[in-house]
Amino acid sequence: MTNELAIKADGLGKRYLLGGAGKNHDSVRDLLVDTVSSVFRRRDPATNSASEFWALNDASFEIRTGENVGIIGLNGAGKSTLLKILSRITEPTRGRARINGRVGALLEVGTGFHPDLTGRENVFLYGAILGMSRQEITEKFEAIVDFSEIRPFIDTPVKRFSSGMYVRLAFAVAAHLEPEILLLDEVLAVGDITFQRKCIDFAKRLQKKNATILFVSHNMFTIKTMCTRVIYLKKGKVHFDGPTDEGIKRFEEDCRLATVPWVKNAKDLPIVVKGVELVDQAGREKAVFEHGERMTVRIQYEALRPVKTPNFIVVFSRSDEVACCNYTSESDKFVIDEVSGKGVIEVQTPPLSLVADTYNISILVREKGFGELLCAQLGGSFHIRHPLFDQNFACSTEQAQWRRIDADVAAAPSDRNAGEPYLVVADERR
Amino acid sequence: MTTSASAVTDIRPGKGLLDLDLRGVWRYRELLWILIGRDLKVLYRQAALGAAWAILQPLLAVAIFTVVFGIFARFSSDGVPYSVFAFSALLPWTYFSESVRRSGTGLVNEGDLIRKIYFPRLIISLAGVITPLVDFAVAFVVLIGMMLWYGVMPTWQIVMVVPLLLVTGLLALAIGLWIGPINVRFRDIKHTLPFILQVWMYGSPIIYPLSMIPERWKALYCLNPMVGIIEGFRWAILGKGNLDLTAIGISAVLIVALLASGLIFFRRMERTFADLI
């Protein structure tokens, strides 16, 4: 690590106008008038208006060459906006940044792939889109194909690829970029575990070459393995900038009972969650559960005013915001007459059918009949372990009953596999 | 990624009015060729007749015009076979309208790229006017074949097709630079463009000769920059009459004005493409 600066951001801000991105022109005429007049007068970026929203606000930081920095924060905190500004996809509304070195930005894997072109043609297309020269791609072509593990299909149009193959090939190209500064947005979250490991290896290889890496992720585990420093963004501002462990600790504390990001009138909600505990069947509090285990979610709440027949809802969602399962007191015919003051509600889940991943808990309370929202808070997160399945296979998996009904096989259902944990799964993806 | 090893990138809001960053476009020229190559490869893929469509399309268009306007409506064709007369104008017109369509709607079609990758957005407009050159070249060969079939011999003037084509491309680019950013904001462009182009086509001397326009309306008529260009193509290809320098001059002035203002407008709007698409 040298003391040379790779990135210096000075008061970066990006403003969006609500109710449709950008300026609201009602007609082409307005747009033309506005453009013509703005040519003659400098825009005043500080103009204030009720309908504007600063996705990023006065962000300043310095990143030295060779540093690996994680960007963390809730959804909508400005992480992606920051990467978009640094990669020049969009311009800041104010502030400035100086970048010293060749930038490679991976905000999404496979943007620019054309479905009608073959794998080979797409390697050249995507490589050029990412900024590699034709000569560079030609030299690395064999290595790219090996990395992707899809050599037999390299001359097939990619529209016939499975989504897994598609991502592999795209990432293989991206992994052969050799930027001095790499901007990564959650791209390591693709592919199965072996493939993810390859991707982390790619980042580590770049680290060894003294590359500067800026890495946005919701996965705190990956952040911990890759970054020595984190920048924690909160509502568009740099909330914390320092050692990874401390930053993640602060972030997780904030996340624990924060209001769900989509709620607008957070202050008016009558029920407040004061604490959430996850307990296993033995009564121990923990954060890592096995697939098939039962979990008890213990919710400490406070009702600021008496609320009749509230409906408690517990939702588990993945880091990509896909809600994977929920439990609601109303659907489970559990009637809560009234809540007022402090109290505790507990829900024990059936054996968890979720696959291996990290899940975020949200606690919602609604009026009877899924009416008005009374509470919407985050309740921390937990991990599920499963020896085989992760989100590439499914959201959840459960043991089912199987039988053959061919003519020459006895039609009786077999319970032979009842004691065996899993069916043998043919390796169908490669 | 295309900046050199010691490159310093400066990121700040809206730079000067005349900062057109043409050097950036030059640095990304390889991406330009790759995008053009992609569009060409995809164009006729999974069509049973494949690239033969590049030959069939202009032939079919000329056949329809010849039957409707040459045989039924008996439009004058200044003494050359109507098919050759129509084709010599349809050739630049097809290139022009396809270029305007591509460069005008390209930004929206490449929305995914614009949202996720940085490159000078001008590349998309440029690719839009370069890609149709291949269809132009094929149609040009077909036209020469048709002329020889009808016994119309090309003269030395035919080399003038090259500069005229460049002018056509610049006009299409200038229009693309104006309507592309507007299309990003108002998708209405996509729906109105085909009608505008159709009206424009009938307002240009393609299916009828310029001599059909009454003399007192001619100055007004020549304000259409395609008039000078199409007459220029007829002169170069058929080798008849004189080059109408007034019409060409009007076209040139209009093109320079449109192109300069279009570049500034495009650069100004470019900053927010990623937020609007």
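Guide: A residue is buried if 20 or more other C-beta atoms lie within 10 Å of its own, exposed if 12 or fewer, and partly exposed in between, with C-beta atoms placed from the backbone. Helices (H or I, at least four residues) and strands (E, at least two) are DSSP runs, numbered from the N terminus. Now the case here. Strand 16 (residues 357-366) of chain A is mostly covered, with seven of its ten residues buried.

The ground rules come next. This is a predicted model: local features need pLDDT of at least 70, side-chain atom pairs count only at pLDDT 80 or more, and totals for chains, interfaces and linings use all residues. Residues are numbered from 1 along each chain as its sequence is written, while chains are lettered from A and ligands numbered from 1 in the order in which they are written.

Visitor: Which strands pair with strand 16 of chain A?

Guide: Two strands pair if DSSP finds at least two bridges between them. Strand 13 (residues 311-318) of chain A runs antiparallel to strand 16 of chain A, joined by eight bridges. Strand 17 (residues 373-385) of chain A is also an antiparallel partner of strand 16, over nine bridges. Look at A:V365. This residue is the bridge partner of A:F312 and stands opposite A:C375 in strand 17.

Visitor: What lies between strand 16 and strand 17 of chain A?

Guide: Six residues separate the two strands of this hairpin. There, A:G369 takes a positive phi near 75 degrees.

Visitor: How is chain A divided into domains?

Guide: Domain bounds come from an automatic or database domain assignment. Domain 1 covers 5-15 + 47-254, and domain 2 covers 257-430. Their C-alpha centres lie 31 Å apart.

Visitor: What is the mean pLDDT of chain B?

Guide: pLDDT is the predictor's confidence in each residue, from 0 to 100. Chain B has a mean of 87, and 96% of its residues reach 70 or more. For the complex, the predictor gives an ipTM of 0.82 and a pTM of 0.75.
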